[in-house]
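Subject: Structure for you to look at

Dear colleague,

Here is the structure I promised to hand over, and below it you will find some notes on what turned up when I went through it. Please keep it open while you read, so that each residue can be found as it comes up.

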Amino acid sequence: MANVTLPWPPPLQVELTVIGAVKVAVILVGAVVIGRVIRKLIIRKSKETSLKWIINQDTADILFRMFVLGGAIWALYVLGIMSYSIGPTTLGNIAFAAGFFYFTYLIARKSRDYMIEGSGGEPGPDVVIRAKLFYYVLITIAFFMALSFAGVSAQLSALLAAAGITGIILGFSAQTVVSNFISGVFMYFDKPLQIGDAVKVGDAGGVVEDIRIFSTRIRSWDGTLIRIPNEKLFNSNIVNLMRHSVRRVDIQVGIAYSADADRAVEIIKKVLDDMPLVLAEPEPAVYISELSDSAVVISVRAWAPSEKWFDVRTRIVFDVKKALDEAGIEIPFPQRVNWFANELRVKVEKTKEE
């Protein structure tokens with residue numbers, strides 16, 4: 001008996017009859033017409049509704065594409081092309097799965113953009129991170145659902161096992177990226193800082209310019225850009241200078257031992273009372289805190305709005321110095337008095353010219 005080799009995959013045979021051609025034409029034309037009608041209705045409705053974040057031209061375009069693609073897949077089913085077998089599944093299942101994933105991707109992308117734009121004004125980092133998390137979660141779910149629709153659910157466990165092994169390998173090579181991503185997610189829920197906050201992170205300090213999934217960017221006090229990985233940021237002590245509406249100004253002033261300390265305290269209190277940005281509540285505190293080697297140290301504590309803290313501090317230092325000078329109260333230089341056990345003798349040598 002002669003060996004017969006069957007072609008694999010089997011050849012695709014399509015028998016197109018007049019009735020079949022008419023059905024295909026009706027399906028395609030009907031899908032396009034219905035899609036256009038729905039698209040026009042949604043665009044017209046978008047001008048009358050307040051839900052423009054969902055009823056708009058983008059939504060109309062997505063639905064139009066969905067009808068056209070659905071009509072094309074239906075027409076291919078009528079032609080018998082979609083029943084063509086590819087391994088354990090058919091071409092129809094693969095086409096449906098691809099279409100499902102494509103439209104889910106469009107919906108996820110538009111939803112992400114709507115969440116960011118719908119926040120109003122400049123979106124905060126929590127809005128951006130929430131939108132991105134929703135996008136990635138929806139895409140991941142759609143991917144595995146598309147695999148199921150494609151008819152490869154029996155091979156899904158093997159695929160997940162392979163993905164797990166691959167994930168372990170990639171995890172060792174990209175563990176820093178993964179840890180930065182996870183730290184970014186944790187920071188979203190913890191919210192230790194926001195864009196525009198003045199912060200200190202270790203030796204770095206400045207204003208937060210951007211918070212991303214993997215890193216945070218800070219504009220330092222001298223204008224340079226500092227990029228801090230989220231893993232390092234999450235594990236560091238973050239000092240947020242703008243989280244509360246008020247912040248305390250701490251200054252120490254030294255006066256001479258011969259000066260009148262009570263009068264100096266009263267002068268400094270008057271300076272604080274005359275400054276409009278110094279808050280009356282909590283009340284400023286001025287008191288003698290230390291008797292140092294060269295001066296009597298007066299501590300000054302005053303509360304000011306956080307966004308004006310630096311201006312208030314520099315103004316207090318200037319006005320206190322000026323007021324003490326006008327009152328004749330000395331702010332002494334460091335002084336040292338040296339005592340010698342034996343009397344010092346100075347020997348003066350005359351030069352030849354003398």
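Arg-301 has a relative accessible area of 34%, and it therefore counts as partly exposed. Please keep in mind throughout that this is a predicted model. The side chain of Arg-301 meets that of Asp-250 in a salt bridge, with 3.8 Å from N to O. Because Asp-250 belongs to strand β8 (residues 246–255) and Arg-301 to strand β10, this pair ties together parts that are 51 residues apart in sequence. Asp-250 is likewise partly exposed, since its relative accessibility is 36%.

How many salt bridges does the structure hold? There are six, and two others that I looked at lie in helix α9, one of them between Asp-319 and Arg-315 and the other between Lys-321 and Asp-325. Asp-319 is buried, with a relative accessible area of 17%, whereas Arg-315 is partly exposed at 45%.

In the pair formed by Lys-321 and Asp-325, the closest N and O atoms are 2.3 Å apart, and here too the residues are four apart in helix α9, so that about one helical turn lies between them. Lys-321 is partly exposed at 41% relative accessibility, and Asp-325 is partly exposed with a relative accessible area of 41%. Salt bridges with shared partners also join Arg-248, Asp-250 and Arg-301 into one network.

Lys-40 lies in helix α1, which covers residues 18–46, and it counts as exposed because its relative accessibility is 56%.

Is Ser-306 buried or exposed? At 7% relative accessibility it counts as buried, and its place is in the loop between β10 (296–305) and α9 (309–326). Neighbours within four places in sequence aside, Ser-306 is in contact with several residues, including Leu-241, His-244 and Arg-247.

Finally, Thr-104 in helix α3 (residues 91–117) is buried as well, with 13% relative accessibility. Once its neighbours within four places in sequence are left aside, Thr-104 is in contact with Leu-138 and Ala-142.

Key
Residues are numbered from 1 along each chain as its sequence is written. This is a predicted model: local features need pLDDT of at least 70, side-chain atom pairs count only at pLDDT 80 or more; totals for chains, interfaces and linings use all residues. Side-chain values use heavy atoms; hydrogens and water are left out. Buried means under 20% relative accessible area, exposed over 50%, partly exposed in between (1.4 Å probe, protein chains only). Contact means heavy atoms within 4.5 Å. A salt bridge is a side-chain nitrogen of Lys or Arg within 4 Å of a carboxyl oxygen of Asp or Glu.
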